[in-house]
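Dear colleague,

Please look through the sequence and the model before reading on.

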Amino acid sequence: MRRYLTRKLITYVLAFFAGATIDWGIPHLMPGDPVQLFLSKFDLEPGGYAALYKTMAQAFGTNLPLWDQYWHFWDGLAHGSLGVSIYAFPDQVTTLIFSAIPYTLALLVPAIVLSYILGNRLGAAAARRRVLDNTLLPAGYVFQAIPYPWLALVLPYLFGEVWHVFPISGAYGEGLLPAFSLTFVVSLLDHWFLPFLTVFIVSLGGWAIGMRNLVIYELENDSSRYLRALGGSERLIRRYAYRSASLPQLSGLALQLGVVVGGNIVTEIAFHYPGLGLLIYNAITDEDYFLLQGIFIFIVIGVLAANFIIDLVYIAVDPRTRLSMQGAAA
Amino acid sequence: MSVRVEHLSIAYRTRSGDVCPVDDVSFSVADGEIMGLAGESGSGKSTLGTSLIYLDARMRCLGGMVELDGQRLPIADSRAMRPYRMTEVSLIPQYAMSALNPTRKVRQLIADLLRSHGVRDREVMAELKRRIALVGLGQDVLDRYSFELSGGMRQRVTLLISTLLDPSLLIADEVTSALDVSTQRAVGEMMMEFRDRGISKSMIVITHDLSILAQVADSILVMYAGRLAERASTGTIIEAPLHPYTQLLLASLPEVGVRYDQTTLTGIPGRPPSLANPPEGCRFRARCPFAFDRCATTPPFEEVAPGHFVACWKAAA
Amino acid sequence: MSDVTATAPDAPEPAVAPLPGAPAAAIPLVPRRRGDLVYYALRNRKLVAGLSIEALFVLAALLGPAISPHNTTDYFLAHLPPSAQHWLGTDYFGHDVFAQLVTGLRESYLVGALGALCAALVGMALGFTAGYRGGMLDDVLQMITNIMVMIPSLVLLIVIGAYLKTRGVLFEGVFIGLTTWPWVARAVRAQTFTLRSRDFVDLARLSGRRAWSIVVRDIAPNMASYLFLVVVLLFGSSMLLAASYDFLGLGPTNTISLGTMMNQSTLWSALQLHVWWWFVPPGLVLTGMVAALLVANVGLDEVFNPKLREQ
């Protein structure tokens, strides 16, 4: 137990360090000076520019040697501060992130969970019925091949512009203020549906195909052969195959998270949905590097946390790991 | 109660046509008899044995009949065979080490399998416990997962499960191949004990190892290239085999205690014919030291002495 | 080694890949009749269908700019719907969409190939090393791989790309490769591990051959089919990643790609103005390219791996 968990924990800690360092490192190792870039937006007199540059450099610490800046970065992190946003000055980066997170989670979590569950069922069904397989397999591959941006354009076009069923951007209707009213909630859901559908559809294909392959493999393996030879019902064999296949599929979930997060970002940007994705986009266009870095760290933490949760679930579900951790004798 | 197989042929399709690992095979096994089914790799013995219980989707039954206790077994129809499996005919597979699903405890596996046959696990629980002790396992094995058990334990658990419903015919497919000699002996003795206690009535033990059969089997059936070569009681096969193939097989077995400077090991030169394109006539012809021109026609598998069948012109003479 | 993600050598990889359908185990070279592969290849519907469709796109990429009646730089009336003169209409700027499409196809293939190559090289180098050497080196490399896998590639690409003012196709391809290699390294390592314990490797080692020589001459050829399938998958996923990247406006400056077309169309309100012929074709074409690749990949896997064939 200890050895396994320590190993995992070390990986996560190192991953966090790596992610944070990359995050800090990129702007500092890239050509260009963030303060300079910021100030170039304003029309300043040389004298004023010099003074302002000095102040800002001091405020943002860019005049210090690299090591000191790195240290300050960690110091800030430890205090829960990710810096101040440039474009939304003087808002804290953390404030902006926290107001965007609920929207991102509202898209990500249902999309992942539902596509995973449904995808698994479809894949398992395809594995047993040849007819279903012949239609499902190509469909699954097509779905998985769809670029996120495309679906994020076609869906709102069809449902928004052409058929006027759903709105095409934003989180809720303009002119509405957040409140616990029915109109607001309906508007929220209305705006949520298409972006959710986008992430859902693309992910669905992948799970279905993965599960199908795993179930087919399990249906052919020795333990299934034995059950069949001893007259086990097809239902029993299917059930067992499904159980066996669920484990690698679960670890696959952890590894696909990065891809889905990326897709989610693209979707949010396309739909102007005010989650982290849109925040990133704005940060890029406004050259707000502190915001960008803050979001990156946040996403890294989020993905690591999700991985950890999945690891825990895996332990709970897989008897092998559970028992090896309790040191059961073979 | 007994097993009767008549003119059974099994084929599977390949790129170059049908291959028949089982070609017009007829034999019978008496009630309470342990018959050894011997032959080298590719002789078709495994296919013959397992076809009696489960015919792979890739295999087809070309013809023939299998009768168990006077009842016809619908081996060609997988769905119709299901009620017979485990209850009348059962199998200890070659892959016993990986036959148990790793995601279920043994207890659960047994319960689920029984339920497939409409048997409640508590009906057989008492008997199951007795048999666990019989094979030398602890009662806690029920609450273990398969990966927690050693290879030998898994083999015994598989033996247990396969025989739980007292099948009339038990097919043991290469159950000793992966074991060391002393465990082989133990498994062999266990199989005999199961027969003696009436847990299974007739047994077909498939192996390439004649020495095991010498210990365990009452009679031996030798197969070569998809056809039957010889069948007789174990004593007869070991002491006075008639078919040249059987003779050479026995001659190639190393004798315990004999050193290489006293006798060299002899094998049988040549290789078995390709089943995709079997030769005309007797299939052993190319490697047989006694072959003569009559061997160009297929010798029939017939009884030359009471209970002794051979497919050889020389032997029939 | 209590690595929960280790599967049995013969099991298909779970949905670990950036795209599903990763091939099953490596098939060691068995003496096969030469005609065998071709025979099965021709008979495999998925492979034939996938390859044919892919061939169409490749053809379009190669010949397109030559057969397209217009250039990407010619100006026409803006927002013309598809017609006989402009097969896919014109965009906001009056450029012919079809011309852009076939040019964009080339770009996508180029970036895809670059990305796949880069990821393959890095991933194989690390995977072979980790799988063959084992021990401490393996542990360290595994840790690095696990870490990299968890960092979402697109986000990393965004952060890097945001700082670069001019970006070329080379940059995009190489960076996509540098963010997607972890999956390759993992897969290669797992297979190398299995093969490493086989007899022929022991023989090679006993005969005193050097490690890299063994890897290149003994292990890799036995994984050839597997590696090929891996590269094909990488190709597809690189193309998709590049499209998303271009769509965000971080793609190569001054080039037209399928992603940039979608990006431009959004920026110029193609949705609201119902100029569907600007954004539907690029994504549709990309879907077709990648889907055909994936299906062909599965078919190829079946050809290489007899166990998967349904006879």
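I begin with strand β6(B), where Val89(B) and Leu91(B) point one way while Ser90(B) and Ile92(B) point the other way, and all are buried (a residue is buried if 20 or more other C-beta atoms, placed from the backbone, lie within 10 Å of its own, exposed if 12 or fewer, and partly exposed in between). Helices (H or I, at least four residues) and strands (E, at least two) are DSSP runs, numbered from the N terminus.

Residues are numbered from 1 along each chain as its sequence is written, and chains are lettered from A and ligands numbered from 1 in the order in which they are written.

Strand β6(B) is joined by four bridges to strand β7 (residues 169-173) of chain B, and the two run parallel; in β7(B), Ile171(B) is the bridge partner of Leu91(B).

Chain B also holds an open sheet of four strands in the order β2-β1-β4-β5, with antiparallel pairing (two strands pair if DSSP finds at least two bridges between them). Because β2 (17-29) and β5 (71-72) of chain B stand at the edges with a single partner strand each, one side of each is left without a neighbour in the sheet. Within this sheet, eight bridges join β1 (residues 3-14) of chain B to β4 (residues 59-68) of chain B, and Arg4(B) stands opposite Glu67(B) in β4(B).

As for the two chains together, 24 residues of chain B are in contact with 19 residues of chain A (contact means C-beta atoms, placed from the backbone, within 7 Å). On the chain B side, β6 (89-92) and α3 (106-116) are the elements that give two or more residues, and α3(B) provides the largest share, three residues.

Chain A, by comparison, has 13 helices and zero strands, and buried residues make up 46% of its 330 residues. The mean pLDDT of chain A is 82, with 87% of its residues at 70 or more; confidence there is lowest in helix α2 (residues 34-39), at a mean of 69, and highest in helix α9 (residues 222-229), at 93. Where pLDDT is low, the predicted coordinates should not be read in detail.

With best regards

Terms used: Predicted model: local features only at pLDDT ≥ 70, side-chain atom pairs only at ≥ 80, totals over all residues. pLDDT = per-residue confidence, 0-100.
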